[in-house]
Amino acid sequence: MARVFPQFLDQDADVVARSLLGCRIVRILGDEGTIERIVVRIVETEAYDQFDPASHTFHGRSERNRAMFGPAGHAYIYFTYGMHYCLNITAAAEGFGAGVLIRAVEPVEGVEIIERRRGRTGVDCTNGPAKLCKALDIDKALYGHDLRLPPLMLEQSSLRPGEHVAATARIGISKAAELRRRFLITDNPYLSHGPMWTEQCDSRRTQQGTA
DNA sequence: GACCAGATATGCT
DNA sequence: GCATATCTGGTCT
């Protein structure tokens, strides 16, 4: 399994968002006595950049979003709604504010740790951006973290045979939601709104002639 | 499926 | 000072 290096990420955010599907996130928890390892696979992403009204970088650099203007392949973590953290992976050359929101992941290793952390079982553990942060113990402490290094690493991996990628409108935002910058592995049970929602969303857009 | 509360950092006026 | 937010979980229908 190969690491993801910055040059892989140092592209248009849409390209990166698509490329990240199927890649793995490795999270190391605990101290030397009790090391716990969680591995998940990315199944849903959304692209944002500073030309995008929905992006945190649209209004320029600030203390909150400085990581997004840094080099590619780092963690941009933000706190929202007073209680949730969400994880983005910075995706462009230094100085350009762009990133990819990780919306949903599929557990690969350490499922029991994830279920313990979430207090529930099944797809509900990681099928949302704040859910997966809670499952992987991701918070402000990892803000700006280089994803080539422990305790949070990104590893390149490809799609499985028979898997397909789709682009749909984005979710949960009030501006520029119509842009098809949400990328997902179709029919994956861990998608944040499930296959039915995606189908409905797609057919609605096709009817509008915006596909 | 629809609706709503939750609790706070951030940015705009 | 105030509105908003890349959301979730619980309740009600």
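A salt bridge is taken here as a side-chain nitrogen of Lys or Arg within 4 Å of a carboxyl oxygen of Asp or Glu. The model is predicted, so local features need pLDDT of at least 70 and side-chain atom pairs count only at pLDDT 80 or more, while totals for chains, interfaces and linings use all residues. Residues are numbered from 1 along each chain as its sequence is written, chains are lettered from A and ligands numbered from 1 in the order in which they are written, and side-chain values use heavy atoms, with hydrogens and water left out.

**View 1. Salt bridge between D52 and R170**.
The N to O distance of this pair is 2.5 Å. D52 lies in the loop between β3 (36–49) and β4, and R170 in the loop between β8 (165–168) and β9 (182–185), so the bridge ties together parts 118 residues apart in sequence. Strands (E, at least two residues) are DSSP runs numbered from the N terminus. Both D52 and R170 are buried, where buried means under 20% relative accessible area, exposed over 50% and partly exposed in between (1.4 Å probe, protein chains only).

**View 2. Salt bridge between D146 and R148**.
The side chains meet at 2.8 Å, N to O. D146 is buried at 14% relative accessible area, whereas R148 is partly exposed at 32%. Elsewhere, salt bridges with shared partners join D14, D49, D52, R170 and R181 into one network. The whole structure holds 18 salt bridges.

I89 is buried, with a relative accessible area of 1%. Beyond its neighbours within four places in sequence, I89 is in contact (heavy atoms within 4.5 Å) with residues including L9, L20, H74, V100, L147 and L154.

With a disulfide defined as a pair of cysteine sulfur atoms within 2.5 Å, the count is 0. For C23 the nearest cysteine sulfur, that of C133, is 17 Å away; for C125 the nearest, also that of C133, is 14 Å away. C23 is buried at 1% relative accessibility, and C125 is buried with a relative accessible area of 1%.

**View 3. Residues 203–211**.
Here pLDDT (the predictor's confidence in each residue, from 0 to 100) stays under 50, and the model has 8 contacts beyond four places in sequence for this segment. Where pLDDT is low, the predicted coordinates should not be read in detail. Chain A averages a pLDDT of 89, and 91% of its residues score at least 70.

Terms used
Helices (H or I, at least four residues) and strands (E, at least two) are DSSP runs, numbered from the N terminus.
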